[in-house]
Amino acid sequence: MLNLSLKKTILSKPLIWNTRVVQMLVFAIVFHLIYFLLGYSAFNDIRYLYNHDSDFEFISKIGLHLTAGLVLFIAVVIWLFHYLRNNPFKSFYPVNKNYLRKESLLVVFIFFFTITIYHSYEYGKLIKSRKVAKGIYDPKDIDVIRQAVCFLPYELELFERQNCCDSAIARSKRYKAIDPNYCGPGNTYQSNYEENDQVVTPEYAPEVTPLPQPTEDNYVKEYNYLYYCSNIEYFSIDNRKTLPVHSTAKRWLLGQHKDSIKQALKAYIKIANKYKIRHNLDADELTAMCFANNYKIESGLEDIYYDQEILPDNNSAEFRTLNNAPLRLLTLQKESFFTISMWEVYGYITLGLSVLLLSFRFTRFKPWIVSVLGSGVVFVAFAIIANMLIDEYDIVYFYLGFTVLCIIKAIQSIQSKKNKLHSGVWLNWSAFGLSGFIPIIMNLIYDNTGEIRRCINEYYVVVREESPIHDWIGSNWDLINAGNFTFLILYFFMLYIPLAYKWQANPSE
Amino acid sequence: MIIQNNTSANFLLFAHMSEFREKIDEVSNYFKNGDYSLGKRRMIDCALDTAQTSFFKRCLDIIEQHNDNDSAIASAQETAQFLADMAAISINNKSTSDTLMEIKNVSKAYANGNFKISPLSFQLRYGEVVGLVGENGNGKTTLLRLLSRDLKEDEGTLSFKAEKETNSLYELRTRLVYIPQRVPKWYGSLMDNLHFTLSMYDIHNEENVLRAELIIARLGLRPFKNLGWNRISSGYRTRFELAKALLRQPELMLLDEPLSNLDIISQQTILQDLKHMSGSISRPFGIVLSSQQLYEVEKISDMVIFLRQGVAQYQFKTTEQSETTQSLIYELETDATREEVVNTFNNCGLESINFNGGVYVLHFNNSSSGKAIFASISSSDLPVRYIRNITNSSRRFFIQ
């Protein structure tokens with residue numbers, strides 16, 4: 001079948017035959033399928049979704065990476081061996097610029113389709129994850145978790161006095177909530193331990209009933225349920241940064257509402273069971289602990305990890321894992337084949353390899369090797385210059401200027417049929433340099449359009465206003481990278497190929 | 001006017017038809033005279049000239065039916081019918097009187113200053129062959145690279161007829177096929193490479209297969225068609241390169257030492273074949289070739305350029321030799337002593353004698369004649385191993 005298609009393409013579609021795109025397509029489809037199936041069968045346990053570790057996978061991830069890498073390497077080497085056999089362009093066969101454009105597209109396609117093989121493994125896992133997680137996530141779960149953790153001191157520092165709602169930190173947060181420009185004492189970035197350790201007066205804790213003044217009996221120096229003032233933030237699910245969960249908790253604690261606390265803990269245990277989170281929690285014991293010795297916490301609960309086979313004590317659980325579980329399942333629902341991360345990395349690898357290969361294909365070995373090795377030399381030179389420069393941005397300007405110079409010199413020297421080696425190197429450098437052109441410019445603009453604030457007399461003063469473009473760049477990096485890919489492809493098609501076409505025909509000196 | 005134009009067109013058509021018929025008659029004569037191999041090769045050339053796949057197919061059928069047995073091909077009835085059918089058709093012709101390439105005072109010096117090609121001028125028409133001769137390192141390859149536009153000339157002009165029909169230098173270079181002395185390695189089978197070449201020239205499917213089969217039959221490559229680079233000799237690699245070049249239908253073929261890898265019989269055959277194919281009626285082309293095989297090159301060349309230290313010391317058209325020469329020069333190989341040789345030719349105008357690489361080179365004055373020289377040999381019983389008139393041959397420039 002494959003031989004027949006090869007025979008047909010050699011007789012009628014020389015570009016298809018010469019680029020070996022059919023063979024590579026068959027190879028890629030087979031391996032995409034294999035890796036998809038491997039991904040799909042990689043795990044059965046839902047706990048894998050919260051604990052990314054090979055313990056839950058049937059296949060060794062390192063082995064899989066190595067195998068994928070090796071398979072890709074061998075496939076690309078074999079492909080290059082065949083693809084580089086015939087170069088009709090260098091042999092002066094009647095090819096036009098469109099032929100070169102089509103060839104470039106096929107090379108990009110082959111690279112992209114080949115290097116994303118591992119992606120199919122991830123996609124297989126995604127499909128399996130959705131199947132395993134189907135019907136588990138409920139938006140109400142997060143409210144239950146938020147409320148219950150007020151009575152689960154697995155993160156003991158959150159039950160410390162210095163983190164309570166009446167602390168300097170809390171005060172600073174409140175001040176900041178009222179006035180974002182506040183940068184006085186208690187500011188997260190300016191705090192020191194001594195200041196934070198002071199219990200501030202109740203007037204700074206407007207949201208809760210003031211704590212009873214510490215006495216020998218009811219005051220525990222380090223930890224207390226009543227100090228809990230934290231909140232689990234689920235930004236992508238629920239952007240409410242502060243919830244009145246701790247005020248409710250304090251109300252229950254101070255009002256001795258044991259049943260309410262017990263119900264909250266039971267709901268938590270139910271969710272833990274639903275998410276298959278390991279625990280040995282006992283709602284009664286935990287409720288009793290809340291009221292023992294005036295809310296005193298002895299040593300906290302143990303947060304266990306997925307790799308701990310035996311649960312150590314009563315009332316230990318995979319607390320943090322459960323905190324992340326709803327968010328993880330929700331993310332899985334939203335994720336699709338095209339939104340799995342790494343696309344931009346694949347994009348840059350594809351374009352980088354394509355530019356490297358096509359620059360070799362469309363020029364000749366000597367200018368290509370000089371431009372590749374020369375790039376290294378230029379990079380080192382840039383690093384040395386950057387070291388000497390005071391302003392870090394100067395090196396960026398230098399890089400941008402150098403890339404523009406390469407383009408100008410390439411056009412100029414090829415049009416005037418000047419030294420073929422030099423013009424070939426300028427041409428290749430222009431393509432290499434443009435690989436990161438737009439993101440670098442955007443980063444430069446981003447850095448120079450952001451707001452600058454200085455802390456003056458306990459309040460931030462805006463020294464420079466933020467430009468709308470700063471905000472746009474900050475939230476559109478995917479678009480910028482996509483724009484960069486488009487720009488690079490357009491440059492390659494509209495300028496590089498016509499110049500290479502001329503360059504190839506130009507006689508040597 | 002219209003009548004005149006029609007008459008003129010009809011005349012041209014008739015002229016080319018008769019030229020093509022002459023070629024077919026020539027094929028018939030080769031077969032009649034027992035020159036089967038030559039007849040078969042010329043028959044393939046005629047079939048290729050028709051540019052019709054039906055004729056390609058019939059030609060190939062005849063060759064395959066008789067398993068390359070040349071005498072069987074010649075005696076087959078369908079061969080005669082095939083030739084007769086070809087003779088009846090009209091051929092798309094291309095004039096061979098046009099100048100394909102004109103070079104005026106072209107010179108080239110390398111940057112390190114070690115070597116320079118001094119100003120050189122000549123013209124080449126379609127169907128003509130120019131031979132480049134000279135010792136190693138005297139600029140033959142440089143000149144070929146200049147002609148293929150691979151090197152840039154310092155001064156002078158190179159103009160090609162094809163320039164008017166092309167939009168870019170690249171397009172022009174697609175019509176100038178340069179085969180370097182060291183044939184570049186190819187991969188895959190010989191046949192795949194030929195198919196790919198044809199496909200790149202927009203010749204697809206059946207025509208592609210037929211043309212490739214015909215050209216390998218033409219150059220005697222059929223037994224090797226499925227072999228790769230490592231499994232065929234260097235001589236056949238050269239033939240393959242020629243096959244590939246011919247399929248590209250070049251305007252100008254530039255061959256750097258094409259004979260160096262060929263055996264002595266193949267050298268003459270390939271050169272004669274190239275000369276013949278360059279005069280194709282439908283697609284004539286020019287050839288510039290360099291070689292050390294002086295006599296073989298001279299035989300087929302319309303012009304020979306002798307290069308010494310980059311200087312074209314001598315250039316002439318072989319057809320004009322007799323008009324440009326004055327005194328006779330002979331090359332003689334003999335066991336006789338120098339004195340005996342001098343004594344033999346003293347009476348027929350011998351001016352000087354040089355011993356050059358195992359042979360004597362004899363220079364005679366203007367009044368001497370070949371008849372007198374051979375009479376002297378026969379009367380003196382001089383033991384002659386070999387004698388050759390090199391008066392009009394560039395061989396004399398190799399003499400120290």
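**Entry 1: B:Q249**

I started at B:Q249, which is partly exposed because 17 other C-beta atoms lie within 10 Å. My cut-offs: buried means 20 or more other C-beta atoms within 10 Å of a residue's own, exposed means 12 or fewer, partly exposed is in between, and C-beta atoms are placed from the backbone. I located B:Q249 in the loop between helix 10 (234–247) and strand 6 (252–256) of chain B. Helices (H or I, at least four residues) and strands (E, at least two) are DSSP runs, numbered from the N terminus. Phi of B:Q249 is near 45°, positive in a residue other than glycine. Most residues other than glycine have a negative phi.

**Entry 2: ground rules and confidence**

I noted that this is a predicted model, where local features need pLDDT of at least 70, side-chain atom pairs count only at pLDDT 80 or more, and totals for chains, interfaces and linings use all residues. Residues are numbered from 1 along each chain as its sequence is written, while chains are lettered from A and ligands numbered from 1 in the order in which they are written.

pLDDT is the predictor's confidence in each residue, from 0 to 100. For chain A I read a mean of 83, with 85% of residues at 70 or more. Among the elements of chain A, helix 11 (residues 258–274) has the highest mean pLDDT, 95. Helix 9 (residues 193–197) of chain A has the lowest, 39. Over residues 187–216 of chain A, pLDDT stays under 50. The model has 42 contacts beyond four places in sequence for that stretch. A contact here means that two C-beta atoms, placed from the backbone, lie within 7 Å.

**Entry 3: chain A overall**

I counted 20 helices and two strands in chain A. Of its 509 residues, 33% are buried. Among contacts in chain A between residues at least 6 apart in sequence, 75% join residues at least 24 apart.

**Entry 4: helices 3 and 4**

I checked how helix 3 (residues 21–40) and helix 4 (residues 61–83) of chain A pack: the angle is about 175° and the axes are 12 Å apart. Axes are lines fitted to C-alpha atoms, for helices over the stretch in contact, and angles run from 0 to 180 degrees between N-to-C directions. The two helices of chain A are therefore roughly antiparallel; that label needs an angle over 145 degrees. Helix 3 of chain A brings A:M24, A:F27, A:F31, A:Y35 and A:L38 to the contact. Helix 4 of chain A brings A:L64, A:A68, A:V71, A:A75 and A:W79.

**Entry 5: helix 6**

Helix 6 (residues 117–133) of chain A has 17 residues. I got 25 Å from its first C-alpha to its last, close to the 24 Å expected at 1.5 Å a residue. The expected span is 1.5 Å times one less than the number of residues. Its buried residues include A:Y118, A:E122 and A:K125. What do the buried residues of helix 6 of chain A pack against? I found helix 3, helix 4, helix 5 (97–115) and helix 13 (319–334) of chain A. Just after helix 6 of chain A, A:G135 takes a positive phi of about 80°.

A:R20 sits in the loop between helix 2 and helix 3 of chain A. Its phi is positive, about 55°, although A:R20 is not a glycine. Is A:R20 buried or exposed? A:R20 counts as buried because it has 21 C-beta neighbours inside 10 Å.

I found A:P468 in helix 19 (residues 468–475) of chain A. A:P468 counts as exposed, with 8 C-beta neighbours inside 10 Å.

How values were computed:
Parallel < 35°, antiparallel > 145°, perpendicular 65-115°, else oblique.
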